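Open the model in your viewer and keep the selection panel at hand. This tour goes from one void to the next.

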Amino acid sequence: SIHDARTAALISGTWLFYAVGYWLLRATEVLQPHADAIGAIDGAEWRCRLLSCINAAVLSVGSLLCFAEWPYAGAEGYISSGVRSHPVTFAALLGGYLHWDVCWMLWHMYDYKDGSALVHHLMFLGITHYVLWGWYFKLPFAWLSLAEVSTIPLNARWFLIASGRKAGVAYTAASLSFALSFLGTRVLGYGLGLFELWRSYPLWRPARVGLYVVIAAVHAGFALNLFWARKVIANLLKAARGIHEKREPVATAPSSAHAKAA
């Protein structure tokens, strides 16, 4: 194994947790509509998204714990001296989840046609394995994992759409929460993280070539977020226009009597 025994066990155990969790959800239909109500394809995605909410919650908490470790001594935040801490643990948990989710996407590749999500997962799976191999990038992991906050309102929005509730306060709240959390963490927060990454260049400059490949992939991930952000902003503006139009008073047409008098 390229990882130490503890890290490898955590990755494998996490993959097994999500695999068993998916099987239990499929067998019990708990926390999901009946298959007849939404269909087999949406039912499979519903279960997958329930599990992704667990991963998002775990990584959101993990992100805060990683931020709490700041500042690191010397170059520890980029090239570790072998001190195990929160970023190593939560990166292993992320790696196990990504392995599971990639398996799910490949199994459902003819039904689940979001190629950009598969590219995203494969790219960050490679990043995760490399940084766990050398315990690199402890500091950037904090702001990278914080981006998972946006996954929870994204899934809540999808659940409402899939169950035919694409209207009302709940859908509007979920849509706005997703847009603001996505732009706040995956665009603004990610962008500030990249700024800090280059500001700290002297700390990771002696790294191996592999870490430079990881850094290039992290920039590619930001480009992918910007690609998604176009649609997020368009939907946010559309929602804002809809709210504004609802608040505007509707001009009443003149009565027939007044119209004749005019």
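What volume does the second largest pocket have? The second largest pocket holds about 200 Å³. Remember that this is a predicted model.

**Stop 1: the second largest pocket**

Select W15, Y22, R26, A44, R47, W100, C103, W104, W107 and H108; these residues line the second largest pocket. Now colour by helix. α1 (5-28), α3 and α4 each bring at least two residues to this lining. α4 gives the most, with four residues. Next, colour by residue class. Seven lining residues are nonpolar, one is polar and two are charged.

**Stop 2: the largest pocket**

Move on to the largest pocket, with a volume of about 1500 Å³. Its lining counts 47 residues. To centre the view, select R49, L154, R157, F178 and V232, the lining residues closest to the pocket's centre. Then bring up the helices. Two or more lining residues come from each of α3 (40-67), α4, α5, α7 (151-162), α8 and α10. Which element gives the most to this lining? Select α10: α10 leads with 11 residues. Switch to class colours again. The lining of the largest pocket has 23 nonpolar residues, along with 13 polar and 11 charged ones.

**Stop 3: the cavity**

How many cavities of 30 Å³ or more does a search of the whole structure find? The search finds one. About 340 Å³ of space lies inside this largest cavity.

Select L94, F124, F141, L144 and S145. Of the 25 residues lining the largest cavity, these are the closest to its centre. α4 (86-107), α5 (115-134), α6 (138-146), α8 (168-199) and α10 (209-247) each give two or more residues to the cavity lining. Highlight α5, which gives the most, with six residues. Finish with class colours. The cavity lining divides into 17 nonpolar, five polar and three charged residues.

α4 gives two or more residues to the cavity lining and to the lining of the largest pocket. In the second largest pocket, α4 is the top contributor. Then select α10. This helix gives the most to the largest pocket's lining, and α10 also gives two or more residues to the cavity's lining. End on α5, the top contributor to the cavity lining. α5 also supplies two or more residues to the lining of the largest pocket.

Definitions and conventions:
Residues are numbered from 1 along each chain as its sequence is written. This is a predicted model: local features need pLDDT of at least 70, side-chain atom pairs count only at pLDDT 80 or more; totals for chains, interfaces and linings use all residues. Side-chain values use heavy atoms; hydrogens and water are left out. On a 1 Å grid over the protein atoms alone, a cavity is a set of points where a 1.4 Å probe fits but cannot get out, and a pocket is an open set with protein on both sides within 12 Å along at least five of seven lines; lining residues have an atom within 4 Å of a point. Grid points are joined across faces, edges and corners, and a volume is the space filled by probe spheres set on the points. Ala, Val, Leu, Ile, Met, Phe, Trp, Tyr, Cys and Pro count as nonpolar, Asp, Glu, Lys and Arg as charged, and the others, Gly among them, as polar.
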